[in-house]
Amino acid sequence: MQYTISATVFLAILIVVRLRRRTEARSRVDEAVTVFTAVVFGVLIAATAWGRAILQLVGVAVDATH
């Protein structure tokens, strides 16, 4: 479990660094790599207790708006 959390933290930092760049400076490949990284981050975080807590918060927010 600790490996998953470490990989998740690494990917979160990587996503923040990549998204801080200006949009004009990105190529299509660069954007695709960022999207792929974000998807992998989502898959890794979903398996953790923190990911389940975020899912519950989103569910509460959706229920409150309907």
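Predicted model: local features only at pLDDT ≥ 70, side-chain atom pairs only at ≥ 80, totals over all residues.
Residues are numbered from 1 along each chain as its sequence is written, and side-chain values use heavy atoms, with hydrogens and water left out.

**Confidence**
- Averaged over the protein chain, pLDDT is 82, and 92% of the residues score at least 70.

**Overall layout**
- The protein chain has three helices and zero strands, giving the pattern α-α-α along the sequence.
- Helices (H or I, at least four residues) and strands (E, at least two) are DSSP runs here, numbered from the N terminus.
- The radius of gyration of the protein chain is 15 Å, whereas a compact globule of 66 residues would have one near 11 Å. That radius is taken over C-alpha atoms, and the globule rule is 2.2 Å times the number of residues to the power 0.38.
- Along the principal axes, the C-alpha atoms of the protein chain fill a box of roughly 40 × 35 × 15 Å.

**Surface and burial**
- Of the 66 residues in the protein chain, 20% are buried. Buried means under 20% relative accessible area, exposed means over 50%, and partly exposed is in between (1.4 Å probe, protein chains only).
- The protein chain has an accessible surface of about 5,300 Å², with 70% of it belonging to carbon and sulfur atoms. Accessible areas come from the Shrake-Rupley method with a 1.4 Å probe, and for residues only the protein chains shown count as cover.

- Helix 3 (residues 49-65) has 17 residues and reaches 25 Å from its first C-alpha to its last, close to the 24 Å expected at 1.5 Å a residue. The expected span is 1.5 Å times one less than the number of residues.
- Trp50, Ile54, Val58 and Val62 make a nonpolar patch on the surface, with about 370 Å² of accessible area together.
- Patches are made of residues with over 30% relative accessible area and no salt bridge, joining like charges within 9 Å and nonpolar side chains (Val, Leu, Ile, Met, Phe, Trp, Tyr) within 5 Å.
- Trp50 sits in helix 3 and is exposed, at a relative accessible area of 55%.
- Val62 is also found in helix 3, but counts as partly exposed at 38% relative accessibility.
- Val62 and Val9 are 53 residues apart along the chain, and their C-alpha atoms are separated by 27 Å.

- The structure holds one salt bridge, meaning a side-chain nitrogen of Lys or Arg within 4 Å of a carboxyl oxygen of Asp or Glu.
- Arg18 pairs with Asp30 in a salt bridge, with the closest N and O atoms 2.0 Å apart. This pair links distant parts of the chain, with Arg18 in helix 1 and Asp30 in helix 2 (residues 28-46), twelve residues apart.
- Arg18 counts as buried at 18% relative accessibility, and Asp30 counts as buried at 11%.

**Ala12**
- Ala12 lies in helix 1 and is partly exposed, with a relative accessible area of 27%.
- From C-alpha to C-alpha, Ala12 and Phe41 are 6.9 Å apart in space, and they are 29 residues apart in sequence.

Key:
pLDDT = per-residue confidence, 0-100.
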